[in-house]
Amino acid sequence: MKNMLPEYDVIVVGGGHAGCEAAFSAAKMGSNVLLVTMNLQNIAQMSCNPAMGGVAKGQIVREIDALGGGSGIVTDKSAIQFKMLNLSKGPAMWSPRTQNDRMRFAEEWRLQLERTENVHFWQDMVNGLLIEDGKLKGVKTVIGMEIKSKAVVLTNGTFLNGLIHLGEKNFSGGRSGEGASYGITEQLVDLGFETGRMKTGTPPRVDGRSLDYSKMEEQPGDENPNKFSYSDHTDSLSKQRSCYITYTNPKTHKVLKGGFDRSPMFNGSIKSKGPRYCPSIEDKINRFAERDRHQIFVEPEGWETVEIYVNGFSTSLPEEVQYEALKTIPGFENVKMFRPGYAIEYDYFPPTQLTHSLETKLVDNLFFAGQINGTTGYEEAASQGLMAGINVHLKLQGKEPFILGRSDAYIGVLIDDLITKGTEEPYRMFTSRAEFRILLRQDNADLRLTNLSHQIGLASTEQLDKVNLKIEQTNALKSILKKTSVAPDEINSILESKNSSVIKQKQKANSLLVRPHISMSDMRSASEFLDQKIKDLDPTQDALIQAEIQIKYDGYISREQENALKLNRLEEVKIPPHTDYSTLSSLSAEAVEKLTEIKPVTIGQASRISGVSPSDVSILLVYLGR
């Protein structure tokens, strides 16, 4: 077929969370981008729950926003509820989360991409790559188009040879109501790529008008909701929709167990691995047989729609078993089901076949992002799309890749885990995966990342100016607190009410703020002089929070920064790219195998490879003359 389209700098295949961020970031930096997706009406679909963020995931969305990506702004514009999770714990664990209007989320992403000058669209299914003389030249589509480009980013989600399971039935599909994608996996395998299969699942959706919420526990949003984006382009919510909690019971479990022989997970139809930390309801009652109930989160899908997402009830049991089990749950006695839950199997490519820039090692200018790399979750996918978009643009400009370290961002942890350790089950981000989580807080993502992003041309000058103001105000607040003394008669009543030791003489405000349960607002209400000094400064709420955290956790933060510096020294020791590890006879056989497969760039990366021992690292350092 004669090609009607010009040659592009970058073709992004797939319009999910990874694809949107990849197209958005590469285009903002100046690349001419074509986003190819099967259905333009389904860009940025929330295929699973209508929510963004959560523990560790909320930090990732903040990081995407700080870097200049779009997910934070889109999330704020489509939010129907905001909650800051883990406020009873230290700030390293505080995690923002929103419920979102599913239709508005997709619409906002579509509009944001359409407003981005260098983003172009084509509705079609890509079924292969154009490779000439070993060089990537573009993509081929099912309608016979050959579209030329200098680079390609594959963000295929669950569509590669997707197979949907519903009870004894299975049928091809990338998600409910949409076809699977064929051809790409087979071509990549022919090129020498290793592939595997993973699975994920989704719960039924039901009619909210058929539920009795009086039998459930209401879960409202925060009284003073925050937002994800650091920018002024979005506002905090002025009204919110509540979620609800109910529970399964022994009767529910009996009904579900009655269908186990028809479950693809138990009858052998599904052999691939699913996300361990988001098990299906049948998996939960099988693995935790001692529990007589499990939580069910009843989540509205938007402001106006009556559709409800039944979080915690992911299943691939036959639809009639799902329906009978739902009716046994308090509040669901008269439930009407919109669509049943299902499981889906799909192809992925072990991410050890990538470099830190998310470019493939086998094909130049070919990048992978999202579930194709074995991850699960919108946030994990979006962050990879952002980094792939940044790095594909930099590669075409002949510039060094933009790599975030493990002490820079959760995004750095995620990518390093994927390409260094690989994954055999859907990878999900947790705070426990990060060694430096006190440094990687949701409140300081802008301080950590905006300047780095501005240097490569993604984060705007407006964003950087806002960060610099926050830094100036934070430092000024810390100085005020360090210089201002508070008298016993001002603060002792507050200290007593907080079960904290009273003082007998004046003390600096910052030394009192270090105490547990003593807050900045306590200090301001105790000292009129201090309060007036802060009012004169007129700081933003972000600066107030930042100053309090930095003062309270100064010792912990300093210690973690020192540890990060020590480990980062190993990242500075480069390993020559063509090192023949088999010639180093002192290395263990496992180390030789793993090092040869993964080809670490630095000693730091080598030290994190499973099977490479500390003695192997020492041998490498001797070999490198260190």
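Residues are numbered from 1 along each chain as its sequence is written, and side-chain values use heavy atoms, with hydrogens and water left out. Because the model is predicted, local features need pLDDT of at least 70 and side-chain atom pairs count only at pLDDT 80 or more, while totals for chains, interfaces and linings use all residues.

**Strands**

Helices (H or I, at least four residues) and strands (E, at least two) are DSSP runs, numbered from the N terminus. Two strands pair if DSSP finds at least two bridges between them. Strand E1 (residues 8–13) pairs with E2 in the parallel sense over 4 bridges, and Leu 34 in E2 is the bridge partner of Ile 11. Strand E2 (residues 33–37) is largely enclosed by the rest of the structure, because 5 of its 5 residues are buried; buried means under 20% relative accessible area, exposed over 50%, and partly exposed in between (1.4 Å probe, protein chains only). In a regular strand the side chains alternate between the two faces of the sheet. On one side of E2 the buried residues are Val 33, Leu 35 and Thr 37, and on the other Leu 34 and Val 36.

An open sheet is formed by 4 strands in the order E11-E10-E19-E12, with antiparallel pairing. Strand E11 (169–172) and strand E12 (196–202) are its edges, each pairing on one side only. Strand E10 (residues 163–166) and E11 are joined by 4 bridges, and Leu 163 stands opposite Ser 172 in E11.

**Nonpolar cores**

A nonpolar core is a set of buried Ala, Val, Leu, Ile, Met, Phe, Trp, Tyr and Cys residues joined through side-chain atoms within 4.5 Å. The largest has 90 residues, and Leu 154 and Leu 366 have the most contacts inside it. Helix H9 (residues 378–396) gives the most to this core, with 9 residues. Contact means heavy atoms within 4.5 Å. Leaving aside neighbours within four places in sequence, the contacts of Leu 366 include Leu 129, Val 152, Leu 154 and Phe 193. A second, separate core has 21 residues, among them Ile 480, Ala 509, Ala 526 and Leu 544.

**Helix H13**

In helix H13 (residues 488–497) the buried residues are Pro 488, Ile 491, Asn 492, Ile 494 and Leu 495. Their cover includes strand E21 (485–486), helix H14 (509–513) and helix H15 (520–526). Asn 499, which follows H13, has a positive phi near 55°.

**Aromatic contacts**

The whole structure holds 7 aromatic pairs. Rings of Phe, Tyr and Trp (its six-membered ring) pair if their centres lie within 6.5 Å; planes under 30 degrees apart count as stacked, over 60 as edge-to-face and the rest as tilted. Two of the pairs are tabulated.

| Pair | Centre distance | Plane angle | Class |
|---|---|---|---|
| Phe 349 and Phe 368 | 5.6 Å | 50° | tilted |
| Tyr 553 and Tyr 556 | 6.3 Å | 45° | tilted |

Phe 349 lies in the loop between strand E19 (342–348) and strand E20 (366–368), and Phe 368 in strand E20, so their pair ties together parts 19 residues apart in sequence. Phe 349 is buried, at 1% relative accessible area, and Phe 368 is buried at 1%. Ring pairs link Phe 193, Phe 349 and Phe 368 into a cluster. Tyr 553 is partly exposed at 26%, and Tyr 556 is partly exposed at 47%.

A charge sits over a ring if NZ of Lys or CZ of Arg is within 6 Å of the ring centre and within 35 degrees of the ring normal. The charged end of Arg 62 sits over the ring of Tyr 230, 5.0 Å from its centre. Arg 293 lies over the face of Tyr 247, at 3.6 Å from the ring centre.
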